[in-house]
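Please open the model in your viewer and display it as a cartoon.

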Amino acid sequence: MKAIVGADGVLTHRAELAVYECDGFTVEKNKPDVVVFPTTTEQVVRIVKACNELDVPFMARGAGTSLAGGCVPVGGGVMLALARMKRILEVNVRDRYAVVEAGVVNVWLTNQLKSHGYHYAPDPSSQGACTIGGNVATNSGGPHTLKYGVTVNHVIGVEMVLPDGSVVVTGGPCDDAPGYDLTGVIVGSEGTFGIVTKTWVRITRNPEAYRTLLGVFSSIDDATNTISDIIGAGIVPAALELLDQTILGAVEAAFKFGFPLDAAAVLIMEVDGLAAGIQEEADRIEAIATKNGAREVRKANSEAERLALWKARKQAFGTIGRLGYPSYCTQDGVVPRTKLPEIMRFIQGVSKQYGIAIANVFHAGDGNIHPILMFDERDPDQVKRVLEASGAILTECINLGGSVTGEHGIGVEKLDFMPRLFAPEDLSFMVRLRTAFNPANRCSPNKMLPTAGACSEPTQLKPGRRAAV
């Protein structure tokens, strides 16, 4: 490895490797045998070929902000940390695309595009830290993907080093290339098909105008019914984000935004687009919220107020420590929008049943919930109850016609839910697809899909504790 990247690009000391033993999912930990920092695609190729020659497992890592154990080196081996592949190689405003290396931090691209009047639309809450390569791996979302779509809708091509060391390019700067959509297959494959080193992404023109509203509700039911009615009225907001009373207390303590601490929930509602007509759309949303029992609808009257509100939302997870709990676990279920009142009532019931405090802040417009279960992991009984409560919530998401993940991925955490979501025949085809890319399963092994021959008998792992970003 040192011969390939230089001595300053390799970590082998036990203390240094401990930094790379897990991602944001902190229950499953395992140190890699070596961490390597390539700076070019050519170096990635040489590393992969060396691993194949020595029959050593390998996997890629971005910023480690993922939340389902996708970065856990289950079998040890070589970890390719792509943080030094951080160049923005091209920005083409006329054709509306950019080319970036895998280690480019999400917000860096938007910051570079500001002077052109453009931005990169997928905006995970961790966008100040997460990398675009990692976003590609998990098909990340974010508050504004309700209107603009998730990562797969903005990736038009990738360069990927296959597990045998060969390099392929799928897609590119032109939209709607003929043939199979291999780029769409790769996005969201959680690193099990190969190592993405370069990405062509679509860039989006900044809207002419925004209207950002804060609906204040005395019940979560009223807030979630408002969400369904807004979408049912044919309005597609840029974002619909819900924060419940528990998380409001933490956010207000941190940011002093002026949130009403006696509200059961607040709903951030944003529309954007052409200046002509945007106020009418905002007025319609305000009327729908009022009809559904909003006791107040506040407006962001300046860009500074709007940015402050979004700062409070995007950094909400970082304020959990103010609630006084040593540990917390964030789940990532999805339900149809019309089922939000049901799943929120179910979560409240789970909180009482297991004696676990649960806060909620989530992408309400997508039906993508993020219940935050708070506990003390030094207490084995609390750990047991949190794991059981997490499993109950995710199982109910499936029962309501949803899924166990909207953007965090399966990783190692949710393998045991895959047979509940898919029939054995479906899983068999997924394994066959992975095998076509990764026949020896040496690249990021034991992730996302069963490894054993029988798809109906995957590795059983319980949903675990996670720190969220």
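Two strands are said to pair if DSSP finds at least two bridges between them. The model is a predicted one.

**The hairpin.** Select residues 88–92, strand β5, together with residues 97–101, strand β6. These strands pair in the antiparallel sense over four bridges, and they form a hairpin with four residues between them. Within the turn, R96 has a positive phi of about 60°. N92 has Y97 of β6 as its bridge partner.

**Strand β6 on its own.** Are the residues of β6 buried or exposed? Five of its five residues are buried. Show the side chains: Y97, V99 and E101 lie on one side, A98 and V100 on the other, and both faces are covered.

**The whole sheet.** V155 stands opposite V201 of β10. With β9 included, the strands make an open sheet of five in the order β5-β6-β10-β8-β9, with antiparallel pairing. The edge strands, β5 and β9 (167–171), each pair on one side only. Direction ignored, neighbouring strands of this sheet are turned by 10° against each other on average.

**Helices lying across the sheet.** Select residues 41–54, helix α3, which lies across β8, β9 and β10 and runs at about 45° to β8. Then select residues 106–113, helix α4, which lies across β5, β6 and β10 at about 40° to β5.

**A pair of helices.** Move to α8 (residues 220–232) and α12 (residues 340–354), which pack at an angle of about 155° with their axes 9 Å apart. Angles over 145 degrees count as roughly antiparallel, so α8 is roughly antiparallel to α12. Their crossing is right-handed. To view the contact, display I220, D221, T224, N225 and I227 in α8, which meet L340, P341, M344, R345 and Q348 in α12.

**Helix α11.** Finally, select residues 303–314. At 1.5 Å a residue, the twelve residues of α11 should span 16 Å, and the end C-alpha atoms are 16 Å apart, which agrees. Which residues of α11 are buried? They are R306, L309, W310, A312, R313 and K314. Among the elements covering these buried residues are β12 (209–217), β13 (239–244), α9 (245–255), β14 (265–273) and β17 (357–363).

How values were computed: Residues are numbered from 1 along each chain as its sequence is written. This is a predicted model: local features need pLDDT of at least 70, side-chain atom pairs count only at pLDDT 80 or more; totals for chains, interfaces and linings use all residues. Side-chain values use heavy atoms; hydrogens and water are left out. Buried means under 20% relative accessible area, exposed over 50%, partly exposed in between (1.4 Å probe, protein chains only). Helices (H or I, at least four residues) and strands (E, at least two) are DSSP runs, numbered from the N terminus. The expected span of a helix is 1.5 Å times one less than its number of residues. Contact means heavy atoms within 4.5 Å. Axes are lines fitted to C-alpha atoms, for helices over the stretch in contact, and angles run from 0 to 180 degrees between N-to-C directions. Angles under 35 degrees count as roughly parallel, over 145 as roughly antiparallel, 65 to 115 as roughly perpendicular and the rest as oblique. A crossing is left-handed if the near helix is turned anticlockwise from the far one by less than a right angle, and right-handed if clockwise.
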